[in-house]
Amino acid sequence: MRKMPWREDPSPYHVYVSEIMLQQTRVETATPYYLRFIQELPDLKSLSEASEERLLKLWEGLGYYSRVRNMKRTAEICVREHGGEIPEDRSALLHLPGIGRYTAGAILSIAMHRPEPVADGNVLRVLSRFTGSRKDISDQKTRLWMEEELHGFLKAWTLQETRDPGMLNQALMELGALICLPNSAPKCAECPWKERCAAFRNGLTGELPVKSPRKARETVDKTVFIVRRGESLALLRNSRKGLLSGLYGLPECQGKLNEEDVRARFGKNAVIRPLKDAKHIFTHLEWHMKAWLVILPMEDPVPDFLKDAVFATEEEAGSAYPVATAYKKWTLFQRLRELKEEDT
Ligand code: SF4
């Protein structure tokens with residue numbers, strides 16, 4: 001198995017933090033975040049006491065920020081109701097915010113050595129191919145069925161006490177991540193299961209698993225403004241519930257504005273330059289962004305449109321304000337320096 005920092009000391013807290021981070025995030029991306037998170041917040045108590053701003057900063061760039069908010073709520077509950085520990089009971093685990101069947105299975109099997117299944121996308125693909133199942137793995141009924149089958153197998157397999165269910169679950173996940181690859185690209189020649197695999201024996205590796213296509217993403221057009229005043233950049237905190245709430249972003253509006261529209265918004269003294277368009281993809285949504293650099297003269301009042309903005313220096317934006325990745329498509333601070341050089 002690959003070396004990963006959470007595998008060095010798989011305590012319930014370490015497995016929990018790593019599994020939440022690894023949802024929607026690749027191992028290579030998650031690793032430095034994990035190390036920093038564990039160093040700053042080494043246990044449930046410190047996590048429960050951390051401010052939201054600090055947590056968002058630690059999570060900045062990972063996306064799906066509800067994950068870290070739920071972690072704080074979970075830590076608070078564990079401290080208040082479970083003696084500061086992650087509960088060992090499956091139903092208690094499933095009542096904690098952000099912990100679903102998959103994460104509960106990972107904590108129970110890897111950290112507590114219980115025969116609980118962990119059926120992530122990789123495992124479902126491996127099992128589909130190995131058994132030759134033609135059931136649609138994007139269907140929740142199929143997921144539950146496979147999870148039950150795996151559960152039964154784990155219980156029987158671990159009757160021999162030396163067998164560790166956490167190891168088997170991780171081995172299955174690794175097989176899916178490294179060998180039994182998606183999109184008709186499994187490396188069957190390297191697979192220890194090839195002799196017994198139904199898909200390999202029957203030439204079905206390209207057809208399995210069956211998976212219905214995702215719905216197309218919704219597209220939203222918007223205009224964002226990189227507004228500079230002196231050495232500071234305007235940032236607005238997103239207070240709405242849902243996507244990116246609590247994070248800072250650039251001032252923006254719906255639709256794509258032309259130069260005349262931007263001028264009307266910022267006044268005749270502002271320097272206005274177009275920047276490269278950019279796109280940001282969320283799971284169910286795509287932002288198509290038109291961007292403008294706007295330099296406000298220091299002597300002019302800040303437009304009403306920006307009355308709730310903070311004007312942050314590069315250092316503050318880096319350390320104090322968690323900025324959503326969607327807005328990091330442009331070199332927000334460097335651009336002004338370049339522009340000044342161009343103008344001199
Ligand atoms: S033999 Fe091929 S298809 Fe079957 S489990 Fe191994 S890698 Fe996957």
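## Ligand shell

Helix H9 contributes the most to the shell around the ligand, with 3 residues; helices here are DSSP runs (H or I, at least four residues), numbered from the N terminus. The model is predicted: local features require pLDDT of at least 70 and side-chain atom pairs pLDDT 80 or more, whereas totals for chains, interfaces and linings use all residues. Residue numbers start from 1 along each chain as its sequence is written.

The ligand is surrounded by 14 residues, of which Cys 180, Pro 186, Cys 188, Cys 191 and Cys 197 are the closest (C-beta atom, placed from the backbone, within 6 Å of the molecule). Two or more residues each come from H9 (121–131) and H12 (198–201). The shell has 11 nonpolar, 1 polar and 2 charged residues (nonpolar: Ala, Val, Leu, Ile, Met, Phe, Trp, Tyr, Cys and Pro; charged: Asp, Glu, Lys and Arg; polar: the others, Gly among them).

## Nonpolar core

The largest nonpolar core has 81 residues. Such a core is a set of buried Ala, Val, Leu, Ile, Met, Phe, Trp, Tyr and Cys residues joined through C-beta atoms within 7 Å, buried meaning that 20 or more other C-beta atoms lie within 10 Å of the residue's own. Helix H2 supplies the largest share of this core, 7 residues. Ile 107, Val 123, Ile 226, Val 227, Leu 235 and Val 294 have the most contacts inside the core.

Leaving aside residues up to four places away in sequence, Val 294 touches Phe 225, Ile 226, Val 227, Val 262, Phe 266, Ala 270 and Ile 272 (contact: C-beta atoms, placed from the backbone, within 7 Å).

Key. Buried ≥ 20, exposed ≤ 12 C-beta atoms within 10 Å, placed from the backbone. Contact = placed C-beta atoms within 7 Å.
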